[in-house]
Amino acid sequence: MKKWIVPGFLVLLTGCSGAPVKDVPATAPSTGKLVELKADNYSFAPARLSVPADTPVVIRIHDASKLIPHSFVLEGPGGKVIVRQELAKSGDTMVRLAPLPAGSYVFYCDKSFLGSSHRAKGMEGKLEVTPATVPPR
Ligand SMILES: [Cu+2]
């Protein structure tokens, strides 16, 4: 009978997993340029961030949501997911980014509820990574 209990339990476990994508931990620098971001239902503020290229960056994300879970996903210019982290409800989450090459990145929440994604509701923004040295005028 034990044979039957174990597979049934596994089906229950996998059937209940909420997040469609596993967390992608960033390679974590211990320090970096600190950037503040606020998350709420359903927005990120500011929706545009700018950080210098080739510099470690720490994004402190304050999630004001008390009930609805949110996440932070950062995608590179090629659509590759660089980091994905669950956000702490009513708290701060530190997202540590290794130095990034200059370019235009997007961030968003990949959660959804009843088939409507938080991203479509407005939980997305742009991260501009600008060249560290500005050529003289
Ligand atoms: Cu969300």
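**Contact range**

I began with the contacts of this predicted model. Among contacts between residues at least 6 apart in sequence, 70% join residues at least 24 apart. I then checked burial. Of the 137 residues, 20% count as buried.

**Confidence**

I looked up pLDDT next. The average over the protein is 85, and 75% of the residues score at least 70. Residues 4-19 fall below 50. Beyond near neighbours in sequence, that stretch makes zero contacts in the model. Where pLDDT is low, predicted coordinates should not be read in detail.

**Elements**

I counted one helix and eleven strands.

**Sheet with S1 and S4**

I traced four strands in an open sheet, ordered S2-S1-S4-S7, with mixed pairing. Which strands stand at the edges? They are S2 (43-45) and S7 (91-97). Each has a single partner strand, so one side of each lacks a neighbour in the sheet. From one strand to the next, the twist averages 25°.

S1 (residues 33-40) and S4 (residues 57-63) run parallel, and seven bridges pair them. One bridge I looked up sets Lys 33 against Val 57 in S4.

**Met 94**

I picked Met 94, which sits in S7. Is Met 94 buried, exposed or partly exposed? I found 13 other C-beta atoms within 10 Å. Burial needs 20 or more and exposure 12 or fewer, so Met 94 is partly exposed. Leaving aside neighbours within four places in sequence, Met 94 contacts Val 58 and Arg 60. I also took one distance. Met 94 and Glu 36 are 58 residues apart in sequence, yet their C-alpha atoms are 9.6 Å apart.

**Sheet with S8 and S11**

I moved to another open sheet. Five strands make it up, in the order S3-S11-S8-S5-S6, and the pairing is mixed. S3 (48-52) and S6 (81-86) are its edge strands. Each pairs with a single strand, so one side of each is left without a neighbour in the sheet. The strand-to-strand twist averages 20° here.

How do S8 and S11 run, parallel or antiparallel? They run antiparallel, joined by six bridges.

**Pro 69**

I placed Pro 69 in the loop between S4 and S5 (71-75). Pro 69 has 16 C-beta neighbours inside 10 Å and counts as partly exposed. Which residues does Pro 69 touch, not counting those up to four places away in sequence? I found Glu 86, Lys 89 and Lys 111. For Lys 89 I checked the spacing. Pro 69 and Lys 89 are 20 residues apart in sequence and 6.6 Å apart in space, C-alpha to C-alpha.

**Core**

I ended with the largest nonpolar core, which holds 22 residues. Which of them touch the most other members? They are Ile 59, Ile 61, Phe 72, Leu 74, Val 95, Leu 97 and Phe 107. I then asked which strands supply at least two core residues each. I listed S1, S4, S5, S7, S8 (103-108) and S11 (124-130). In soluble globular proteins, nonpolar side chains tend to be buried together.

Note on methods
Residues are numbered from 1 along each chain as its sequence is written. This is a predicted model: local features need pLDDT of at least 70, side-chain atom pairs count only at pLDDT 80 or more; totals for chains, interfaces and linings use all residues. Two strands pair if DSSP finds at least two bridges between them. Axes are lines fitted to C-alpha atoms, for helices over the stretch in contact, and angles run from 0 to 180 degrees between N-to-C directions. Two residues are in contact if their C-beta atoms, placed from the backbone, lie within 7 Å. pLDDT is the predictor's confidence in each residue, from 0 to 100. A nonpolar core is a set of buried Ala, Val, Leu, Ile, Met, Phe, Trp, Tyr and Cys residues joined through C-beta atoms within 7 Å.
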